[in-house]
Amino acid sequence: MNRLLPFEWIAAVRFLREGRLQTMFIILGITIGVAVIVFMSALLSGLQVNFLSRVLNSSAQIQLLPPDQVARPLRGLGRELEDSVVQRPAQRIVSIDQWQKIQQRMLALPGILVAAPTLSGSALAVRGDASRAIGLTGVMPESYFRIIRIPNYIVTGKATLASDEIIVGTQLAEDLGATLGDKLNVQAANGNAAVLRISGLFDLGNKAAIERNSYVSLRTAQSLLGRAGAVTTIELKISDIYAAETLARQIAAANPVRAESWIATNAQFFTAVNAQKSSNTLIRAFVALSVAFGIAAVLVVSVIQRSKDIGILRAMGTTRGQILRVFLVQGGLLGLAGAIIGSCVGIGGLVWYHSLVRQADGSELFPLILDRQLFIVTLILAPLTGLLAATAPAVRAARLDPVDAIRG
Amino acid sequence: MELKGIRRSYRLGKKSQIEILHGIDLVLHRGEFLALMGPSGSGKSTLLNIVGLLDRPTAGEVFINGEDTSKLGDADITRLRGHAIGFVFQEHHLLSAFTAAENVMLPMVVDHDFSSPAIIARARALLGQVGLDHVADHKSMNMSGGEQQRVAIARALAMRPALVLADEPTGNLDSEAADNVLTLMRQINRDSGTSFLIVTHNLELAKRCDRIIDVADGRLVMPTEHLEP
Ligand SMILES: Nc1ncnc2c1ncn2[C@@H]1O[C@H](COP(=O)(O)OP(=O)(O)O)[C@@H](O)[C@H]1O
Ligand SMILES: [Mg+2]
């Protein structure tokens with residue numbers, strides 16, 4: 001017993017060791033509870049991170065758009081509204097007024113990292129007999145590719161955009177029977193046309209995108225779509241992605257533009273995540289609660305079994321406080337042991353599940369994220385839960401009358 | 001150690017109450033070796049627990065070294081009990097989670113750790129004194145009743161108490177083991193001057209004590225008899 005631990009710790013460890021089967025079962029129970037909590041938490045944050053990275057890699061965090069065109073209702077002086085139903089006019093390709101000025105202003109704002117002007121429209125891509133409707137996005141590669149990392153998704157070729165080059169999705173190229181270096185005849189609705197060479201094929205992992213999307217230089221798009229000098233959107237990359245909505249509102253209030261944050265665009269996702277988060281929290285809380293009751297039950301039984309020991313200890317001068325702590329420490333130690341083993345089991349389960357489930361295309365369903373914070377929190381909360389659960393039995397043990405306890 | 005007008009009653013229900021001790025006056029001198037005798041249910045254990053500060057009287061005072069313990073709070077009583085009094089119970093009551101040596105160390109480590117060399121040495125010495133050096137590292141379930149009781153005596157002596165209280169310490173032992181245990185206690189009493197108050201039903205053993213106190217129905221039967229002048 002050559003250990004430098006105070007009496008309470010040694011007695012607690014000895015009592016746990018002596019009640020071997022009881023201790024093993026309750027640690028098993030805590031382990032299962034902790035493992036479930038760790039597994040669920042890590043899985044949830046993995047799925048979330050996966051979705052976030054997908055959203056954030058394929059769209060800007062804030063998009064600046066020209067303001068909605070509003071039809072003004074006819075209104076006679078001092079008279080009732082003549083027609084209360086106001087039809088929204090069809091939206092043509094509308095450009096952002098004085099976009100260079102707005103772009104400069106955006107870059108001057110703190111927290112905005114990149115501002116990339118783009119011009120979008122639709123066109124027809126023709127190659128031989130095949131033709132496809134495509135979405136044409138004119139971009140300045142040096143800024144745009146810092147937001148949507150097309151270069152990272154290039155399958156063949158390069159992400160270069162000379163004035164006669166076009167980058168298309170892999171599926172679109174296949175549909176047109178074209179490959180890298182082939183020329184496409186691109187025709188806009190206004191009758192303008194250009195012959196563009198495929199400089200790269202990308203795969204964003206999104207079916208709609210690889211079927212329809214194509215990128216050309218901003219100038220090429222402007223001349224094709226007949227909108228010299230115009231842009232339809234300014235895409236923004238910001239430093240705090242969660243501040244996007246607030247920032248978007250500020251920008252819209254101070255500039256003649258609409259500003260859409262990725263948070264507003266993906267509102268449904270956030271509703272789903274929050275619903276899942278709260279149901280998860282609820283489940284975790286109930287698991288923790290049942291673990292706590294398990295610990296309490298085991299310790300209550302232990303106090304009854306040990307009442308003679310407690311009486312003897314009190315007779316030899318052990319204080320009520322010490323008896324209290326002997327049982328609190330037992331609760332804390334049970335929680336700690338369960339937390340350590342449970343974390344390992346939880347991680348093991350996650351690794352196994354990660355290798356088991358795959359997306360349709362064979363890629364991982366969620367990234368394995370073993371957040372250190374999750375384990376630190378677990379290693380703090382589980383012993384704390386044990387401690388709390390031990391309170392009632394410990395108080396009971398401390399209150400035992402030594403005479404009654406010894407008599408048994 | 002002095003008891004003055006000790007009464008102890010227990011509640012039986014909401015209203016009824018039963019008095020077990022009806023006013024006991026008793027003086028224990030330093031170094032005395034006393035036997036407490038009386039029929040079963042006469043209140044011997046109750047009295048012993050009060051003397052040992054394990055229980056509080058309903059009325060009356062317990063003085064230790066002239067100090068009135070009825071005025072002390074629970075923490076002070078506990079400390080006084082730990083330092084001044086050693087207990088030996090009928091059923092050995094060793095803690096089975098600890099070895100013999102650790103059991104002896106327990107009263108000393110209540111406010112220390114187990115690693116103190118002085119405490120380890122003292123536990124060994126005490127086990128040597130009761131002739132159990134060789135079982136120091138055994139757990140109690142592997143020891144005979146007599147051995148366990150000797151370990152319990154060693155443990156009772158750990159804090160060098162002024163008084164050791166033993167409630168039927170030989171009650172569960174065969175006569176040879178009982179004789180050995182009493183011999184041991186007398187020897188400790190002679191060597192170290194520790195007082196002993198022993199509840200026993202065995203008149204042979206009681207006769208080897210300095211004085212026999214008779215209890216009947218919660219009262220002392222006077223006068224107490226001096227066996228050895
Ligand atoms: N907690 C208690 N409540 C009620 N009666 C008790 C309690 N403890 C002891 N008694 C009673 O007190 C009497 C004396 O008990 P005790 O001191 O153990 O006697 P002895 O040790 O002389 O056999 C017995 O009749 C017993 O039933
Ligand atoms: Mg008794």
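Predicted model: local features only at pLDDT ≥ 70, side-chain atom pairs only at ≥ 80, totals over all residues.
View 1. The side chain of A:R14 reaches across to chain B, where it makes a polar contact of 2.7 Å with the side chain of B:E102.

**View 2. The residues around ligand 1.** The residues around ligand 1 include A:R407 from chain A, and from chain B they include B:Y10, B:I20 and B:P39. Also among them is a run of chain B residues made up of B:S40, B:G41, B:S42, B:G43, B:K44, B:S45 and B:T46. Both chain A and chain B supply residues that surround ligand 1, and the site is therefore shared between chains. The element that gives the most to this shell is helix α1 of chain B (residues 44-51), from which 3 residues come.

View 3. On the side of chain A, an N or O atom in the side chain of A:R407 lies 3.0 Å from a nitrogen atom of ligand 1. In chain B, a polar backbone atom of B:G43 is placed 3.0 Å from an oxygen atom of ligand 1, while a polar side-chain atom of B:S45 lies 2.7 Å from an oxygen atom of the ligand. Ligand 1 taken alone exposes 560 Å², and 68% of that area is buried by the protein.

**View 4. Strand β1 of chain A and the strands that pair with it.** Strand β1 of chain A, which spans residues 62-65, pairs in the antiparallel sense with strand β9 of chain A (residues 233-238), and 3 bridges link the two. Within this pairing, A:I62 has A:L236 of β9(A) as its bridge partner. Strand β1(A) is also joined by 4 bridges to strand β10 of chain A (residues 258-261), again in an antiparallel arrangement. Here A:L64 stands opposite A:A259 of β10(A).

**View 5. The two assigned domains of chain A.** The domain assignment divides chain A into domain 1, which is made up of residues 7-55 together with residues 269-407, and domain 2, which covers residues 99-262. Taken over C-alpha atoms, the centres of domain 1 and domain 2 of chain A are separated by 52 Å.

Key. Residues numbered from 1 in each chain as written. Chains lettered and ligands numbered in written order. Heavy atoms only, no water. Pairing = 2+ DSSP bridges. Near = heavy atom within 4 Å. Polar contact = N/O pair within 3.5 Å; in protein donor to acceptor, adjacent residues only side chain to side chain. Areas by Shrake-Rupley, 256 points an atom, 1.4 Å probe, with all protein chains shown as cover. Domains from an automatic or database assignment.
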